[in-house]
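Please look at the sequence and the structure shown here before reading on.

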Number of protein chains: 4
Amino acid sequence: MILVLNKGLGESEIAEVVSEIERLGFAAQSVLGQANPIVFVTGDVKTVPSHLFSQITGVEKLLKVGPSCPRVESVANAPIKIANGVTLGYGAKPIVIAGPCSVESQEMLLETATCVKVSGAKMLRGGAYKPRTSPYDFRGLGKLALQYMAQARIQTGLPVVSEVMSIEQLEIACEYVDMLQIGARNMYNYELLSAVGKCKLPVLLKRAMSATISDLLQAAEYIMLGGNEKVILCERGIRTFETYTRNTLDLSAVAALKSLTNLPVIVDPSHGTGRKDLIRSMSRAAIAAGADGLIIEVHRQPAKAMSDANQAITPDELTKIVSDVEKIAGLFADDALFSKPCQLSPV
Amino acid sequence: MILVLNKGLGESEIAEVVSEIERLGFAAQSVLGQANPIVFVTGDVKTVPSHLFSQITGVEKLLKVGPSCPRVESVANAPIKIANGVTLGYGAKPIVIAGPCSVESQEMLLETATCVKVSGAKMLRGGAYKPRTSPYDFRGLGKLALQYMAQARIQTGLPVVSEVMSIEQLEIACEYVDMLQIGARNMYNYELLSAVGKCKLPVLLKRAMSATISDLLQAAEYIMLGGNEKVILCERGIRTFETYTRNTLDLSAVAALKSLTNLPVIVDPSHGTGRKDLIRSMSRAAIAAGADGLIIEVHRQPAKAMSDANQAITPDELTKIVSDVEKIAGLFADDALFSKPCQLSPV
Amino acid sequence: MILVLNKGLGESEIAEVVSEIERLGFAAQSVLGQANPIVFVTGDVKTVPSHLFSQITGVEKLLKVGPSCPRVESVANAPIKIANGVTLGYGAKPIVIAGPCSVESQEMLLETATCVKVSGAKMLRGGAYKPRTSPYDFRGLGKLALQYMAQARIQTGLPVVSEVMSIEQLEIACEYVDMLQIGARNMYNYELLSAVGKCKLPVLLKRAMSATISDLLQAAEYIMLGGNEKVILCERGIRTFETYTRNTLDLSAVAALKSLTNLPVIVDPSHGTGRKDLIRSMSRAAIAAGADGLIIEVHRQPAKAMSDANQAITPDELTKIVSDVEKIAGLFADDALFSKPCQLSPV
Amino acid sequence: MILVLNKGLGESEIAEVVSEIERLGFAAQSVLGQANPIVFVTGDVKTVPSHLFSQITGVEKLLKVGPSCPRVESVANAPIKIANGVTLGYGAKPIVIAGPCSVESQEMLLETATCVKVSGAKMLRGGAYKPRTSPYDFRGLGKLALQYMAQARIQTGLPVVSEVMSIEQLEIACEYVDMLQIGARNMYNYELLSAVGKCKLPVLLKRAMSATISDLLQAAEYIMLGGNEKVILCERGIRTFETYTRNTLDLSAVAALKSLTNLPVIVDPSHGTGRKDLIRSMSRAAIAAGADGLIIEVHRQPAKAMSDANQAITPDELTKIVSDVEKIAGLFADDALFSKPCQLSPV
């Protein structure tokens with residue numbers, strides 16, 4: 001960390017700043033900058049609240065340092081076990097998670113789950129609690145949908161994942177699902193992150209529409225700080241000026257995340273593009289970029305879906321994508337593109 | 001609403017679509033477009049889930065219609081009463097809400113509250129539960145801070161506002177504060193919005209970093225749908241590519257919101273710019289743009305604040321801003337710049 | 001096109017609008033909307049200046065129609081011939097274009113060109129005129145650099161491409177290069193676009209940092225309108241709030257462009273990410289997304305490059321990327337992911 | 001400037017780096033960082049090409065330093081004289097520049113010019129060469145429009161400003177106008193910037209849709225480097241995800257620019273919002289933020305304008321805005337909100 005001191009500070013005052021830092025347990029070295037004296041702080045400052053430094057007399061400001069994510073940065077290099085033999089991440093083959101945006105009925109879900117199974121996808125997704133921009137749109141069947149998900153798991157053997165938006169929903173969902181999802185709209189909901197941090201289930205954490213890579217890693221750190229190390233990061237598009245796509249899928253974030261942490265990284269091309277015609281090509285690209293998996297919305301009759309109809313694909317299209325994924329993953333199976341985590345901030 | 005039908009649909013099939021719409025209780029009129037037949041739906045479609053239309057056989061897609069915010073768009077043209085004679089919104093003079101980012105101690109809060117009172121500001125803000133990007137930064141004193149806020153209210157007569165991030169915190173805060181704040185990070189937290197919708201207290205709703213004007217209005221609709229009509233909208237900057245400022249303060253959103261709803265609109269120049277040197281000029285600009293008030297972070301020693309030190313101003317600077325606000329508001333007091341709500345979608 | 005008429009217009013006035021449209025040579029059909037009467041205009045309105053419609057008495061506004069790019073949308077489905085047997089686009093294998101950001105010296109260029117040739121890349125890039133954000137940074141060797149490029153072409157047989165920023169530079173460059181490049185900063189420079197439209201050489205047109213997909217297509221239309229049909233589109237990242245990467249590479253734009261036009265689409269992962277550690281993974285992803293080629297900055301000693309040192313890769317890394325491209329392209333060679341151009345605006 | 005050296009460098013190697021910097025004419029001081037050795041370079045590095053430092057053996061990278069705009073940052077604190085007694089900037093009263101987006105005919109321009117004069121605005125704007133996104137839209141009357149502008153100046157006494165997009169147009173325009181305009185689309189057109197830098201006329205430089213504050217200042221430096229110190233900066237909205245407005249008007253940029261340079265700063269609320277209903281409130285806000293002037297599109301029949309019809313206001317509305325500007329400017333006339341330029345980069 002670099003502290004910029006007040007201009008014109010004398011030698012004894014600078015020495016006092018250095019002493020104060022040493023009292024906090026860190027090493028410090030001062031240097032005269034162009035305009036203001038500078039103090040370098042060395043040692044493990046990552047988990048120290050920054051105001052302890054900024055409040056030292058003589059300190060004008062702290063220079064930007066990288067985010068503080070020691071748990072995220074040092075997590076072990078191993079895949080995460082979900083359930084029924086499905087694993088995600090380092091060393092495991094990329095997998096496809098698929099299912100309807102919303103669980104619309106029991107019959108619809110079970111039929112879709114069978115298609116998902118047949119396609120070669122390895123997990124089932126399905127919305128029970130739906131965060132909708134308009135309060136008048138369909139908001140999901142709630143607990144009933146979770147029960148249908150549990151039935152679909154029994155029927156197909158596919159582990160299931162579903163989104164929760166509150167602590168109350170979290171408690172219900174834990175009884176039915178194999179993986180919890182925190183949606184993009186709740187990535188900054190730190191109370192919810194802390195709550196899933198105390199769960200035993202793996203957590204699929206989606207990047208918020210306005211989240212930097214650093215914000216996403218820090219949200220994962222909230223979860224891991226609670227004791228839950230099974231976090232799967234998900235790139236699902238960020239909000240930009242482009243309107244042709246619903247969001248702008250940031251695939252360079254996949255490669256960046258893979259170099260910053262050993263946590264698995266998957267991609268959601270459905271929300272990432274919002275257009276069914278782009279999902280197959282973006283699925284290919286995501287796997288080629290190094291993603292550990294995909295999460296895709298599928299519907300028997302996409303145009304008739306009760307939510308996100310524009311971005312659902314058919315079971316046939318899903319089958320082709322699963323095949324694409326296998327082909328691309330096969331090309332680079334023994335290729336260490338991302339050898340070890342580097343740091344967000346080298347200085 | 002405009003429905004685009006499948007290309008090549010015959011007359012009888014189009015008639016069937018029209019009949020189906022009429023069965024749903026709406027009027028419909030068909031027309032042959034360049035490529036696809038079109039059906040116009042008229043009547044109050046605002047609160048009807050859109051999938052009811054998209055699921056009709058023959059319908060290819062719905063053309064974008066405006067957001068569905070009937071409560072937000074039709075709310076009465078009257079100021080909102082907060083407490084102790086303070087009102088916000090249409091017809092009331094613009095007010096300044098000020099206080100520390102975080103409540104750091106009892107002594108600090110009471111002293112700051114006195115400064116806020118003396119400056120001419122009309123409400124006190126103070127953070128008890130702090131949403132911090134890093135889990136290692138100071139996260140607030142919690143309930144204790146709320147108790148100090150209540151003391152400060154007794155001491156100064158200023159109504160108080162504080163942020164809540166969960167339903168649990170909401171229940172505690174309701175005992176101590178006069179206005180609840182939903183922060184930018186929780187604007188998409190629909191469970192929390194629904195919960196404050198059932199409270200009696202006014203709610204200060206901040207625009208999320210990635211929220212369009214339409215998203216913000218729909219978040220307000222969630223609250224109003226619960227029965228709470230006392231919603232104050234707050235522009236606090238959106239996330240853009242510009243890095244000189246922490247966010248990009250979107251003052252045209254103030255004028256836009258004032259023309260779309262009668263709900264009060266205030267501006268947060270502290271988070272909007274993230275720079276103490278820009279807060280006074282942006283405060284002036286916000287009031288000139290038509291804002292009903294400001295919410296500003298103030299600290300006795302800004303550089304030593306435990307959170308957001310770069311954007312806190314001194315009590316002296318606050319006094320100047322309150323004076324600026326009065327001067328500008330005085331210029332245009334009898335000037336109906338925003339006469340009545342218009343609609344997001346004219347068609 | 002949809003015209004929204006003034007509210008309350010009578011039948012005879014609406015009929016007058018329809019007549020006026022018919023006098024302009026188009027068919028029109030009126031319908032009563034929810035609030036305002038509507039007129040649908042059918043026929044080929046793509047190249048008609050929109051003010052001819054907006055100026056008709058009774059017309060309140062035009063509803064958004066798609067961009068007007070008839071040449072871009074109808075260009076033939078065939079690869080573009082560059083030189084020396086190199087072709088780009090539909091049906092041709094994806095190629096890699098590589099070379100230094102700036103031509104720094106004759107010796108450096110010739111040595112780099114040999115590396116590029118050996119790697120299996122098919123074209124040589126090299127900056128002669130450099131658009132630099134700061135006027136004090138190295139701005140290129142100009143005409144001398146173009147002469148070195150011509151020598152490198154003779155030595156290696158690789159066709160060469162270089163950027164021009166003005167009509168004066170364009171005239172010089174045409175003597176030395178096989179393909180002209182319009183950089184991101186000049187994509188909106190319509191005078192320059194019109195000028196290259198009158199050249200015979202193929203034009204590599206880069207997307208501006210703030211350009212929508214529609215803006216890019218319309219810029220290509222400017223070139224094609226001048227008579228030059230050999231336009232290659234290039235995605236090179238857009239400006240967003242993310243700062244970890246220099247830009248946000250928008251690979252969904254590749255798939256979108258491929259479905260909107262038959263013009264070749266290539267990707268620049270160097271500027272797209274600004275980070276040498278992300279270029280290989282983004283190269284893979286771009287080809288998997290359907291790109292017809294890549295343009296990559298390579299330098300013998302990346303850290304010592306006179307411009308864009310952070311994003312140059314070594315010749316070794318380039319060789320690996322060329323191999324990756326061949327592998328991925330081989331997987332999907334006979335797979336018609338993008339069968340035919342669709343339209344930006346179906347209505 | 002801060003140089004980050006290679007990890008593990010020995011003392012003698014570090015000393016060699018320091019010597020090399022001293023040979024370049026700068027002072028240097030080394031310090032051992034957390035991971036890499038660091039060297040601080042002091043002295044006037046602003047106009048030194050950065051590759052001179054990055055090419056020193058042992059240097060891994062340069063840490064971000066502020067933009068290099070010595071001319072922009074040190075320009076004198078005095079208003080710029082335009083013509084006919086009109087001045088812009090420090091110490092002068094804010095002025096309004098108004099006129100049609102495009103000059104449509106002689107009669108139309110002269111009539112509009114009279115309205116502009118009567119409103120109290122001080123300069124006339126009018127488009128002769130129009131940069132249009134679609135090549136099929138009206139692109140202006142060219143030289144003829146400039147001649148009409150010159151006539152309007154004689155008739156009204158108002159100095160005139162018009163946009164140029166190429167060096168050829170520049171040469172023509174210099175005969176007719178009092179101020180040249182570089183539009184947002186050409187802010188990165190460095191050849192054009194250098195060309196207007198050799199002109200004697202004042203230059204109105206608009207911020208590009210994707211330009212940071214730093215990019216804009218560096219574009220101004222290009223002009224000043226040519227010898228022309230009469231640069232007026234113009235905020236006109238940046239491109240963000242918000243679609244309700246055409247662009248997002250960044251008024252905090254006005255205050256930021258005023259603190260970074262003494263160059264005058266004006267605001268274009270017409271392009272900044274793209275909506276006639278928001279122009280008056282944004283005009284007020286811009287002046288309250290400290291802008292030295294406004295540039296506004298006015299049309300006798302806004303809905304019938306040949307370009308940008310949605311954002312033109314009527315002469316009546318213009319008169320109200322001129323009055324607003326005078327009122328707000330009067331409030332703060334003797335108030336030194338922006339006392340002296342500060343620096344983009346304090347270290």
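## A network across chains

The model is predicted. In it, salt bridges link R207(A), E235(A), D250(A) and E242(C) into a network. Counted over all chains, the structure holds 68 salt bridges.

In chain C, R125(C) and E297(C) form a salt bridge through their side chains, with N to O at 3.6 Å. This pair joins distant parts of the chain: R125(C) lies in strand 8 (residues 123–125) of chain C and E297(C) in strand 14 (residues 293–297) of chain C, 172 residues apart. Are these two residues buried or exposed? R125(C) has a relative accessible area of 5%, so R125(C) is buried. E297(C) is buried as well, because its relative accessible area is 1%.

Another salt bridge of chain C, between the side chains of R275(C) and D277(C), has an N to O distance of 3.2 Å. Here R275(C) counts as partly exposed, because its relative accessibility is 23%. D277(C), at 38% relative accessibility, is also partly exposed.

Chain D has a salt bridge between D268(D) and K206(D), whose closest N and O atoms are 2.6 Å apart. This pair too links distant parts of the chain, 62 residues apart. D268(D) sits in the loop between strand 13 (265–267) and helix 10 (269–273) of chain D, and K206(D) sits in strand 11 (residues 203–206) of chain D. Both D268(D) and K206(D) are buried.

## The contact between chain A and chain B

How many residues does each chain give to the contact? Chain A gives 49 residues and chain B gives 48 residues. The area buried between chain A and chain B is about 4000 Å², and 51% of that lies on carbon and sulfur atoms. On the side of chain A, the residues that lose the most area to chain B are Y136(A), Y222(A) and K304(A), which together make up 18% of what that side buries.

Two salt bridges are found across the interface of chain A and chain B. In one salt bridge, the side chains of R239(A) and D215(B) meet at 2.7 Å, N to O. Polar contacts between chain A and chain B number 25 residue pairs, with both residues at pLDDT 80 or more. Helix 2 (51–54), helix 3 (70–74), helix 7 (190–197) and helix 8 (213–225) of chain A are the elements that give two or more residues to the side touching chain B. The largest share of that side, five residues, comes from helix 8 of chain A. Sorted by class, the side of chain A that touches chain B has 19 nonpolar, 18 polar and 12 charged residues.

## How chain A and chain B are related

Two copies of a chain are related by a rotation about an axis and a shift along it. Chain A is superposed on chain B by a rotation of 180 degrees with 0.0 Å of shift along its axis, at an RMSD of 0.0 Å. That is the relation of a two-fold axis.

Which residue of chain A comes closest to the rotation axis? That residue is S210(A), with its C-alpha at 2.7 Å from the axis. Of the interface residues of chain A, 98% are also interface residues in chain B, so the copies meet through the same surface.

Definitions and conventions: Residues are numbered from 1 along each chain as its sequence is written. Chains are lettered from A and ligands numbered from 1 in the order in which they are written. This is a predicted model: local features need pLDDT of at least 70, side-chain atom pairs count only at pLDDT 80 or more; totals for chains, interfaces and linings use all residues. Side-chain values use heavy atoms; hydrogens and water are left out. Contact means heavy atoms within 4.5 Å. Buried area is the accessible area (1.4 Å probe) that two parts lose on being put together, summed over both. A salt bridge is a side-chain nitrogen of Lys or Arg within 4 Å of a carboxyl oxygen of Asp or Glu. A polar contact is a pair of N or O atoms within 3.5 Å; within protein, one must be able to donate a hydrogen and the other to accept it, and residues adjacent in sequence count only if both atoms are side-chain atoms. Helices (H or I, at least four residues) and strands (E, at least two) are DSSP runs, numbered from the N terminus. Ala, Val, Leu, Ile, Met, Phe, Trp, Tyr, Cys and Pro count as nonpolar, Asp, Glu, Lys and Arg as charged, and the others, Gly among them, as polar. Buried means under 20% relative accessible area, exposed over 50%, partly exposed in between (1.4 Å probe, protein chains only). Copies are superposed by least squares on the C-alpha atoms of residues with pLDDT of at least 70 in both.
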